[in-house]
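Please read it alongside the model.

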Amino acid sequence: MRGETIRKTTPPRVAPNLRDYAEECAGFSWSRAREALRGLPGSRGLNIAYEAVDRHAASARAAAVALRCVGRDDSVTCVTYGDLAASTARFANVLGRLGVGRGERVVTLLGRCPELYTVVLGTLKNTSVLCPLFSAFGPDPVAQRLRLSDARVLVTTAELYRRKVAGQRDGLPGLRHVLIVGGGADAAPAGTLSFDALMADADDTFTIAPTAPDDMALLHFTSGTTGTPKGAVHVHEAAVAHYVTAWYALDLHPDDVYWCTADPGWVTGMSYGIVAPLMHGLTVVVDEGDYDARRWYRILAEQRVSVWYTAPTALRMLMRTTPRTGPYDLPRSFDLGALRFIASVGEPLNPEAVLWGRDVLGLPVHDNWWQTETGSIMIANLAACDIRPGSMGRPLPGVAAAVLRRGEDGRAEVTDGHVTVVEEPGVEGELALRPGWPSMFRGYLHDERRTAAAFADGWYLTGDLVRRDADGWYWFVGRADDVIKSAGHLIGPFEVESALMEHPAVAEAGVIGRPDPVAGNIVKAFVALRPGFDPTAAMRQDLLAFSRRRLGPAVAPREIAFDQHLPHTRSGKVMRRLLRARELGLPEGDISTLEDSAHGACASPRGAPQRTERSA
Ligand code: ATP
Ligand code: MG
């Protein structure tokens, strides 16, 4: 386990919620965690929108700012909890008038505008199901997801509708209503309705119908990093996990100003960009604009952001503009004094990025791990605890994790229905979680076979390979489908990519196995260079030697190719399966989630787009 430990020797400015990890784990129960939630008045169940909005609107927090929306033009629109209660009630009434009921799917295809938040929470109030789509998807991925989700209602803009939906409408007979946001009552194209006009006519009070904790609330498509995206079903009870995990892993306090850079089209932007922080009654910063290093530092400074949840890809882009070796002119030209806690999710966080945070921003980055399927953070580095850079941290209280012995294919070995839990530290195996946490997905919609395949012997199998050290910290090795078998070794691409990232010339790397008659596979790295460095033969030799020194000859790449345009998913992750397919001349498979150059620079999903900085 490489790297230095970052010790939290000076107490943080704000006392962390979780102070003693062992004590908190020992005393935790999900039923007690549930008590922090109010529940619908009159014991009528549990509804996410009530917990996130109405309970605050009925309290002294009604006038507190729930959303501070920074527009593309830098204008700032503030929405209070009271405002949000009224607008979400209006939207729930709109759905009622349209005859859209319990369990029916409302899909959003919107940028990060205030209306998105109204639609999400209003849909939940109506006990309908919200399915967010990332607005940069092209027409085919949009139509595919509208079909897969059985969409009844789509809420979008006139421009997105014309570009991405109108041409496919005939193939979507189940889509009964399309509501157009913005532009006033006259802006709705033929076959659509004006959201603004419907809202203006609707009443701003609404009583939420009884909601069972197990009622379906959200449908989230996965990032599609390793294959066709799956629609994961989540229920209202997930709110218990959203609330408590944000308290532990993001250390949310009531007076925080909080910014999650993920787009609500992805699970992070929903669970931790909307639900969890609003449940905590905080002020949430929403940036409608695109990634730009200067813009992001300015938002952190001007909005006085205290807790920031972002992604490795975004951090790597900021690192391109300001290497750890300095100078730190750009970040230092902003007052980041309000910032007290930084967390990251979505991909392995290279140790270099953790240290970059410490040195450049004055705060280390706390990595945490979870998936669309888990619905909330499962494993995390915590505010009160030391950080081991490169480790995802330890399971949160209430989360039972294990490493399962892996078989030939890299996945957990299942023999006669049984798996083997690996107790010894340092052994690589599949990460598994014991079902029972409230935000666990209830299945992939319309895909029982895939759902069943995700469980064995009472465990949920994550598809990720990890190892646990002797102190219980988890280290990401790779996705089971991404790891490389070379000359008898199992090599995680992340370890190789992280080592390359320590070289001053490297901005980003993607590592794959290339079949080889002798070794089985050899390690091949695709490397994007920082501005000012050239892709020469000498640079290649230097990188090969550098990684051999760091990793040893068995693990170091044998081949290096330069590629300034590594493929990423729209949620910002390096798509190794595509690098491999292209290298081997294989079919590219489902590329609906591939970030493309037309849209790559227009949003910050789990983290940030790649194009702006790459071309810099
Ligand atoms: P698909 O399942 O469609 O291939 P995906 O797995 O990328 O897509 P998500 O649910 O968005 O879809 O991402 C979860 C995955 O992201 C995890 O299983 C893991 O592989 C990776 N991941 C998330 N956080 C971390 C982290 N902190 N360290 C390492 N990997 C992470
Ligand atoms: Mg996955």
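## Helix 4 and helix 5

Helix 4 (residues 81–97) packs against helix 5 (residues 114–125) at an angle of about 60°, and their axes are 8 Å apart. The two helices are therefore oblique to each other (under 35 degrees is roughly parallel, over 145 roughly antiparallel, 65 to 115 roughly perpendicular, and the rest oblique). Their crossing is right-handed.

L84, A85, S87, T88, A89, F91, A92 and L95 of helix 4 meet Y117, T118, V119, L121, G122, T123 and K125 of helix 5, contact meaning heavy atoms within 4.5 Å. By class, this contact has nine nonpolar, five polar and one charged residues.

Ten of the ten residues of strand 20 (residues 459–468) are buried, so the strand is largely enclosed by the rest of the structure (buried: under 20% relative accessible area, with a 1.4 Å probe and protein chains only).

Strand 20 pairs in the antiparallel sense with strand 18 (residues 429–433) over four bridges, where A432 has L461 as its bridge partner. Pairing requires at least two bridges found by DSSP.

## Hairpins

Strand 19 (residues 455–456) and strand 20 are antiparallel over two bridges and form a hairpin with two residues between them. D457, in the turn, has a positive phi of about 55°. The hairpin of strand 20 and strand 21 has five residues between the strands, and G472 takes a positive phi near 95°.

## Basis

This is a predicted model; local features need pLDDT of at least 70, side-chain atom pairs count only at pLDDT 80 or more, and totals for chains, interfaces and linings use all residues. Residues are numbered from 1 along each chain as its sequence is written, chains are lettered from A and ligands numbered from 1 in the order written, and side-chain values use heavy atoms, without hydrogens and water.

Definitions and conventions: Axes are lines fitted to C-alpha atoms, for helices over the stretch in contact, and angles run from 0 to 180 degrees between N-to-C directions. A crossing is left-handed if the near helix is turned anticlockwise from the far one by less than a right angle, and right-handed if clockwise. Ala, Val, Leu, Ile, Met, Phe, Trp, Tyr, Cys and Pro count as nonpolar, Asp, Glu, Lys and Arg as charged, and the others, Gly among them, as polar. Buried means under 20% relative accessible area, exposed over 50%, partly exposed in between (1.4 Å probe, protein chains only).
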